[in-house]
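This briefing is meant to be read alongside the sequence and the 3D structure shown below. The points that follow are grouped by topic, beginning with a term that several of them rely on.

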Amino acid sequence: MARKDLAHCDLVIDAILGTGLDRPVIGLTAEVITLINKSKKKILSLDIPSGVNGNKGEVMGVAVKADYTVTFGLPKIGKCFIRL
């Protein structure tokens with residue numbers, strides 16, 4: 001289903017995972033993130049790209065490669081250290 005939806009969209013809005021991520025992304029979630037990254041669509045992440053630890057900025061296995069990120073509330077310390 002995600003593959004079909006990606007083929008017919010102009011923008012991907014990423015809100016899969018939140019700022020509290022503390023373990024590697026695996027399984028279906030990792031597959032969807034990989035599919036999003038390969039889609040060549042513009043990506044807008046909400047709060048922080050899914051797959052990134054909000055405190056350390058570490059990629060937890062796989063992470064969305066966002067073109068834009070909109071944060072809410074307070075800045076995310078980990079966002080400053082993201083290395084994709």
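A residue is called buried here when its relative accessible area is under 20%, exposed when that value is over 50%, and partly exposed in between. With that cut-off in hand, the buried residues of helix α2 are Ala 30, Ile 33, Leu 35 and Ile 36. The model is a predicted one, and in the protein as a whole buried residues make up 35% of the 84 residues.

**Overall architecture**

- The protein contains two helices and three strands, and these follow one another along the sequence in the pattern α-β-α-β-β.
- Among the contacts in the protein that have a sequence separation of 6 or more, 65% are accounted for by residues 24 or more positions apart.

**The sheet**

- The three strands form an open sheet in the order β1-β2-β3, and their pairing is parallel.
- Because β1 (11–14) and β3 (68–70) stand at the edges and have a single partner strand each, one side of each of these strands is left without a neighbour in the sheet.
- From one strand to the next, the twist averages 20°.

- Helix α2 has 12 residues and reaches 17 Å from its first C-alpha to its last, which is close to the 16 Å expected at 1.5 Å a residue.
- The cover over the buried residues of α2 includes α1 (2–7), β1 and β2, and the residues covered in this way are Ala 30, Ile 33, Leu 35 and Ile 36.
- Just after α2, Lys 40 takes a positive phi of about 65°, although Lys 40 is not a glycine.
- Lys 40 is placed in the loop between α2 (27–38) and β2, where Lys 40 is exposed, with a relative accessible area of 80%.

**The loop between β2 and β3**

- Most residues other than glycine have a negative phi, which gives the background for the next point.
- Asp 47 is not a glycine, yet has a positive phi of about 80°; Asp 47 is found in the loop between β2 and β3.
- Asp 47 counts as buried, because its relative accessible area of 19% falls under the 20% cut-off.
- Ile 48 is found in the loop between β2 and β3 and is buried, with a relative accessibility of 0%.
- Although Ile 48 and Thr 71 are 23 residues apart in sequence, the distance between them in space is 6.8 Å, C-alpha to C-alpha.

- Ser 50 lies in the loop between β2 and β3, and at 0% relative accessibility Ser 50 is counted as buried.
- The side chains of Ser 50 and Asp 14 are joined by a polar contact of 2.5 Å.
- When neighbours within four places in sequence are left aside, the residues in contact with Ser 50 are Asp 14, Ala 15, Ile 16, Leu 17, Ile 33, Val 62, Ala 63 and Val 64.
- Ser 45 belongs to strand β2 and is likewise buried, at 0% relative accessibility.
- A polar contact of 2.7 Å links the side chain of Ser 45 to the side chain of Asp 14.
- With neighbours within four places in sequence again left aside, Ser 45 is in contact with Asp 14, Val 64, Ala 66, Tyr 68, Thr 69 and Val 70.

**Charged pairing**

- In general, side chains of opposite charge can pair when their charged atoms come close.
- A search of the whole structure finds one salt bridge, and the side chains of Arg 23 and Asp 22 meet in a salt bridge with an N to O distance of 3.5 Å.
- Arg 23 and Asp 22 are both exposed.

Terms used
Residues are numbered from 1 along each chain as its sequence is written. This is a predicted model: local features need pLDDT of at least 70, side-chain atom pairs count only at pLDDT 80 or more; totals for chains, interfaces and linings use all residues. Side-chain values use heavy atoms; hydrogens and water are left out. Two strands pair if DSSP finds at least two bridges between them. Helices (H or I, at least four residues) and strands (E, at least two) are DSSP runs, numbered from the N terminus. Axes are lines fitted to C-alpha atoms, for helices over the stretch in contact, and angles run from 0 to 180 degrees between N-to-C directions. Buried means under 20% relative accessible area, exposed over 50%, partly exposed in between (1.4 Å probe, protein chains only). A salt bridge is a side-chain nitrogen of Lys or Arg within 4 Å of a carboxyl oxygen of Asp or Glu. The expected span of a helix is 1.5 Å times one less than its number of residues. Contact means heavy atoms within 4.5 Å. A polar contact is a pair of N or O atoms within 3.5 Å; within protein, one must be able to donate a hydrogen and the other to accept it, and residues adjacent in sequence count only if both atoms are side-chain atoms.
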